[in-house]
Amino acid sequence: MNKMIAYCGLDYEKCDAHLATINNDQELRKKTAKLWAELNHAPILPEHINCQGCRVEGVKTVFCDRMCGIRKCAMKKGVNTCGDCSDLEKCPIVATILKNDPSALNNLKE
């Protein structure tokens, strides 16, 4: 499976944090920090927007590295992605992602 597909099935090559990191795009970092701060009601600053992907070596956002329940679960179970888990279709941990982005489920099934 493509290493840029996150544990949850999202395509990390389309993630603004990833794009800002690989392109060293400070304006995209600012835009992403502002949006994520509003969505999460949290103090997210542009310097927090650095991430190379949740399944690859390298820098990750604080959320992806330490707080993401999906990543924690997949790592604990030792699966490459949630697509390798027998509980995928009934999992409450990844359900919101799959509901909000049907392409994530398709990515996990490929």
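Helix α1 (residues 16-23) and helix α2 (residues 26-40) pack at an angle of about 155°, and their axes lie 9 Å apart; helices here are DSSP runs of H or I with at least four residues, numbered from the N terminus. This is a predicted model, in which local features need pLDDT of at least 70 and side-chain atom pairs count only at pLDDT 80 or more, while totals for chains, interfaces and linings use all residues. Residues are numbered from 1 along each chain as its sequence is written, and side-chain values use heavy atoms, with hydrogens and water left out.

**Packing of α1 and α2**

- Two packed helices are described by the angle between their axes and the distance between the axes; the axes are lines fitted to C-alpha atoms over the stretch in contact, and angles run from 0 to 180 degrees between N-to-C directions.
- Helices α1 and α2 are therefore roughly antiparallel to each other, a term that applies to angles over 145 degrees.
- The crossing of α1 and α2 is left-handed, meaning that the near helix is turned anticlockwise from the far one by less than a right angle.
- On the α1 side the contact (heavy atoms within 4.5 Å) is made by Asp16, Ala17, Leu19, Ala20 and Thr21, and on the α2 side by Leu28, Arg29, Thr32 and Trp36.
- By class, this contact of α1 with α2 has five nonpolar, two polar and two charged residues, where Ala, Val, Leu, Ile, Met, Phe, Trp, Tyr, Cys and Pro count as nonpolar, Asp, Glu, Lys and Arg as charged, and the others, Gly among them, as polar.

- Thr21 lies in helix α1 and, at 16% relative accessibility, counts as buried; buried means under 20% relative accessible area, exposed over 50%, and partly exposed in between, with a 1.4 Å probe and protein chains only.
- The side chain of Thr21 reaches the backbone oxygen of Ala17 at 2.8 Å and the backbone nitrogen of Cys51 at 2.7 Å.
- Leaving aside residues up to four places away in sequence, Thr21 touches Arg29, Ile49, Asn50, Cys51, Gln52 and Val59.
- Ile22, also found in helix α1, is exposed, with a relative accessible area of 51%, and its C-alpha atom is separated by 8.4 Å from that of Cys51, 29 residues apart along the chain.

**Positive phi values in loops**

- Most residues other than glycine have a negative phi.
- Asn24, in the loop between α1 and α2, has a positive phi of about 45° although it is not a glycine, and Asn24 is exposed, with a relative accessible area of 59%.
- His41, in the loop between α2 and α3 (62-67), has a positive phi of about 50° and is likewise not a glycine; His41 is exposed, with a relative accessible area of 74%.

**The loop between α4 and α5**

- Thr81 is found in the loop between α4 and α5 and is buried, with a relative accessible area of 0%, while its side chain reaches the backbone nitrogen of Gly83 at 3.0 Å.
- Asp87 lies in the loop between α4 (69-77) and α5 (95-100) and, at 29% relative accessibility, counts as partly exposed.
- A polar contact of 3.3 Å joins the side chains of Asp87 and Lys77; such a contact is a pair of N or O atoms within 3.5 Å, of which, within protein, one must be able to donate a hydrogen and the other to accept it, and residues adjacent in sequence count only if both atoms are side-chain atoms.

Technical notes. Helix = DSSP H or I, 4+ residues; strand = E, 2+ residues; numbered from the N terminus. Parallel < 35°, antiparallel > 145°, perpendicular 65-115°, else oblique.
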